Amino acid sequence: MGWAALVAAVVAAAASAYATYQAGQQQAKGFRYQAQQQENQAQAARNAAAVQEARSRERNERIMALARARAGASGIVSTEGSPLLVMLENARQAELEAQLIRYGGEIQAGFLEGESRLSTFRGRNARRAGNIGAGTTLLSGVASAYGAYSSVTNTTTTSNTSYGANPGY
């Protein structure tokens, strides 16, 4: 194996190591993008829940105002007795509905944030695997090239000494 072949083997190992490194970096970049998208989706889920919560509160406020107006128009005193208890229960149910909407948004956002953290973790692992793979590839390639070079050098040295050791030729 000549010097050119040795250099070619080392260069090939370096190129393969660089390709492995770049693949890890690109994979990590993809996971970072995915994590950012999931964070954006989590914020969008919170925003959507806030809008739905506000709509629910407005709708329930209109319903309760209409009920008070109807009670007043019919001559019922809505500030005492059974009408008051009904209105309090309606207000409690309306608040519960609004809080459940907010809770649903938080649950969805929490899930997406968990997915984002998982994507970030996967990105770090991909980067680390690319670095380790690149180092392993480079070391294996250099070791193989050195092994091939050593065997050729030993064969050449052995061949030269064999000819010199036998003066009968």
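Me: If a contact means heavy atoms within 4.5 Å, what share of the contacts in this chain between residues at least 6 apart in sequence join residues at least 24 apart?

Reply: The share is 89% of the contacts between residues at least 6 apart in sequence. The model is predicted, so that local features need pLDDT of at least 70 and side-chain atom pairs count only at pLDDT 80 or more, while totals for chains, interfaces and linings use all residues. Residues are numbered from 1 along each chain as its sequence is written, and side-chain values use heavy atoms, with hydrogens and water left out.

Me: How many helices and strands does the secondary structure of the chain come to?

Reply: Helices (H or I, at least four residues) and strands (E, at least two) are DSSP runs, numbered from the N terminus, and this chain has two helices and zero strands. The expected span of a helix is 1.5 Å times one less than its number of residues; for H1, with 71 residues, that should give 105 Å, and the end C-alpha atoms are 104 Å apart, which agrees. After H1 comes Gly-75, whose phi is positive, near 90°.

Me: How many salt bridges does a search of the whole structure find, and which residue pairs with Glu-113?

Reply: Side chains of opposite charge can pair when their charged atoms come close. With a salt bridge taken as a side-chain nitrogen of Lys or Arg within 4 Å of a carboxyl oxygen of Asp or Glu, the search finds eight. In one of them Glu-113 is paired with Arg-46, and their closest N and O atoms are 2.8 Å apart. Because Glu-113 belongs to helix H2 (residues 81–165) and Arg-46 to helix H1 (residues 3–73), this pair ties together parts that are 67 residues apart in sequence.

Me: Where do Glu-53 and Arg-57 stand relative to each other in helix H1?

Reply: An α-helix has 3.6 residues a turn, so residues three or four places apart point the same way. In helix H1, Glu-53 and Arg-57 are four residues apart, which means a separation of about one helical turn, and their salt bridge brings the closest N and O atoms to 3.0 Å. The pair belongs to a network of salt bridges that links Glu-53, Arg-57, Glu-95 and Arg-102. Leaving aside residues up to four places away in sequence, Glu-53 touches Ala-98, Ile-101 and Arg-102.

Me: Which residues form a nonpolar patch on the surface?

Reply: Patches are made of residues with over 30% relative accessible area and no salt bridge, like charges being joined within 9 Å and nonpolar side chains (Val, Leu, Ile, Met, Phe, Trp, Tyr) within 5 Å. Here Leu-96, Leu-100, Tyr-103 and Ile-107 form such a patch, with about 410 Å² of accessible area together (Shrake-Rupley method, 1.4 Å probe, only the protein chains shown counting as cover for residues). Leu-96 lies in helix H2 and is partly exposed, at 37%. The accessible surface of the chain comes to about 11400 Å², of which 61% belongs to carbon and sulfur atoms.

Methods:
Contact means heavy atoms within 4.5 Å. Buried means under 20% relative accessible area, exposed over 50%, partly exposed in between (1.4 Å probe, protein chains only).
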